[in-house]
Amino acid sequence: MSLAQAPEYKEIAEKVVDKFPTAFAHIDLDQVLFIKEENKGGKNYATTRVVKEPYNFITNYKFIITVYEPLVIGMNEAQKNILILHELLHINDNFDGLIKHDTEDFEVVLSKFGLDWPTNPSVKDPLIDE
């Protein structure tokens, strides 16, 4: 396991929150730790976790978003933006828990970007207006 802080993903999250302030007004990005796992892969491109006991005793972070670098290395900017948007959608409105997918993904992500957004390099960037 090789973990590192990932400010590049926090920067994407800041852009997502700025672009969609109503949807993400409840999220305090200073309480979300962004890390990347540089060696591990799997079926998930990223995960969002709640910081629970006993770890909430030693940190002020409420959530950890982990991006699995081996899986996202080939993603373009638009795909990474959607990935971070997707992970932020997991954080509930009370900023104290997680929301599960509507289906295999969030309905809003599927309807806007399609089922194949992780592997489609021509996917629309959510941060660019048309």
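User: What makes E3 and E4 paired strands, and how do they run?

Analyst: This is a predicted model, in which local features need pLDDT of at least 70, side-chain atom pairs count only at pLDDT 80 or more, and totals for chains, interfaces and linings use all residues. Residues are numbered from 1 along each chain as its sequence is written, and side-chain values use heavy atoms, leaving out hydrogens and water. Strands are DSSP runs of E with at least two residues, numbered from the N terminus, and two of them pair if DSSP finds at least two bridges between them. Five bridges join E3 to strand E4 (residues 63-68), so the two strands are paired, and they run antiparallel. For Arg49, the bridge partner in E4 is Ile64.

User: Why are E1 and E3 called edge strands?

Analyst: The open sheet has four strands in the order E1-E2-E4-E3, with mixed pairing. Strand E1 (3-5) and strand E3 (46-50) are its edge strands, as each pairs on one side only.

User: Why is Ser2 called partly exposed?

Analyst: Buried means under 20% relative accessible area, exposed over 50%, and partly exposed in between (1.4 Å probe, protein chains only). Ser2 has 22% relative accessibility, so Ser2 counts as partly exposed. Ser2 lies in the segment before E1.

User: Which residues is Ser2 in contact with, leaving aside neighbours within four places in sequence?

Analyst: Contact means heavy atoms within 4.5 Å. With those neighbours set aside, Ser2 is in contact with Lys36, Glu37, Glu38 and Asn39.
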